[in-house]
Amino acid sequence: MPIKCHNRVLLLLACVAIAAVALPFVNVAPNRLMSGEGRALWQIWSFMPVPLGVTLAVVVALSFSSTRAAQWLTLLLCEVLFISLFWSAGQAATHMTSVESPLARTSVGSGLWLWLALCLLACSDAIRRLMPGSVWRWLLNAQIWCIPLVLLFSGELNNLSLLKEYANRQDVFDGALVQHLTILFGTLFPALLLGVPLGMWCYRHPARQDGVFTVLNIIQTIPSVALFGLLIAPLAGLVKSFPALGTIGIAGTGLTPALIALVLYALLPLVRGVVAGLSQVAPDVLESAQAMGMSARQCFWKIQLPLALPLLLRSLRVVTVQTVGMAVIAALIGAGGFGALVFQGLLSSALDLVLLGVVPTIALAVVLDALFALWLALLRGRAND
């Protein structure tokens with residue numbers, strides 16, 4: 001009788017992890033500007049392939065079991081492997097610092113990046129199979145990062161080139177973080193003030209929806225760089241005609257055109273979310289509420305808004321993650337943020353500086369997305385109760 005694989009996703013991830021052994025574990029460069037050469041895992045620690053191979057073999061074997069015990073063991077093994085790989089990156093950098101030049105930089109190699117990603121995917125798949133409840137699923141995913149964050153803030157990874165770049169540019173990094181958050185919240189608040197009323201207006205006037213969505217769709221199809229550029233000339237002319245605008249920070253380049261463009265991009269998902277959320281409320285529910293003596297205002301605040309809130313939050317979640325990413329491009333017109341680090345690194349061919357802008361951008365987007373996921377999970381749990 002043939003053996004049946006009960007978890008093909010886990011088997012595929014394990015096979016890719018085995019193939020990733022051929023990729024470099026770390027890259028070692030003579031200095032921050034020169035490209036480095038890859039070092040395999042066994043070139044740093046000759047004993048490491050044995051425990052890694054045993055772990056991957058066990059994971060492959062677990063993919064043929066469908067029991068909950070196998071799922072818990074899969075989660076435990078993949079989480080331990082993730083933490084071990086995370087810690088070993090710092091240890092490898094410390095080891096290479098002791099044998100190479102003091103100016104040498106050790107960065108995470110493609111193999112280690114891939115292994116870390118595969119471990120997270122395997123953990124996520126195991127959690128999804130184990131936990132039907134969204135809140136518990138969120139908590140299990142969050143706890144994976146507890147020990148890695150302790151390792152990060154304790155200084156265990158300080159010899160990695162990315163952390164050395166951060167130590168050299170901490171003030172610049174802190175300023176970029178503040179600018180990026182300014183762009184984010186400076187986009188979300190005006191977008192909500194414009195998008196929610198516009199969505200309510202479209203919901204109450206269905207005949208006007210096609211025209212509004214056509215305009216918003218056209219704005220959405222304009223490339224971000226092009227829209228930033230289109231706003232420079234009108235704003236510069238406006239400031240020239242009304243110099244007082246310049247005294248309050250409005251200019252043809254910088255934060256002003258970036259915020260205007262990002263707010264315009266945010267309107268389509270928000271308006272669609274409001275219209276879809278309000279439209280999903282059954283007319284019978286509203287008629288019953290009105291029959292009980294509730295006014296139109298009470299129906300909106302006590303029935304329509306609570307029922308539409310999950311869809312609105314999903315739209316806001318999309319807008320938030322979208323804005324975090326697009327704010328990087330806004331650095332091209334002088335808006336600052338993490339994009340400034342990315343483009344400075346590209347101009348100077350400094351990969352560590354590029355990563356110093358890219359990695360926090362990804363981390364910020366993931367954290368905000370996770371917070372929205374928790375909020376939606378709590379709402380779903382309250383609705384089920």
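This is a predicted model: local features need pLDDT of at least 70, side-chain atom pairs count only at pLDDT 80 or more; totals for chains, interfaces and linings use all residues.
Residues are numbered from 1 along each chain as its sequence is written. Local features need pLDDT of at least 70, side-chain atom pairs count only at pLDDT 80 or more, totals for chains, interfaces and linings use all residues, and side-chain values use heavy atoms, without hydrogens and water.

Me: Why is Ser88 called buried?
Reply: Buried means under 20% relative accessible area, exposed over 50%, partly exposed in between (1.4 Å probe, protein chains only). Ser88 has 3% relative accessibility, so Ser88 counts as buried. Ser88 belongs to helix H4; helices (H or I, at least four residues) and strands (E, at least two) are DSSP runs, numbered from the N terminus.

Me: Why does Val80 count as partly exposed?
Reply: Val80 has a relative accessibility of 44%, and therefore counts as partly exposed. Val80, too, is found in helix H4.

Me: What makes the contact of Ser88 with the backbone oxygen of Leu85 a polar one?
Reply: A polar contact is a pair of N or O atoms within 3.5 Å; within protein, one must be able to donate a hydrogen and the other to accept it, and residues adjacent in sequence count only if both atoms are side-chain atoms. Here a polar side-chain atom of Ser88 lies 2.7 Å from the backbone oxygen of Leu85.

Me: How do you know that strands E1 and E3 pair?
Reply: Two strands pair if DSSP finds at least two bridges between them. Strand E1 (residues 26–29) and E3 have 4 bridges, in the antiparallel sense. Val28 stands opposite Thr106 in E3.
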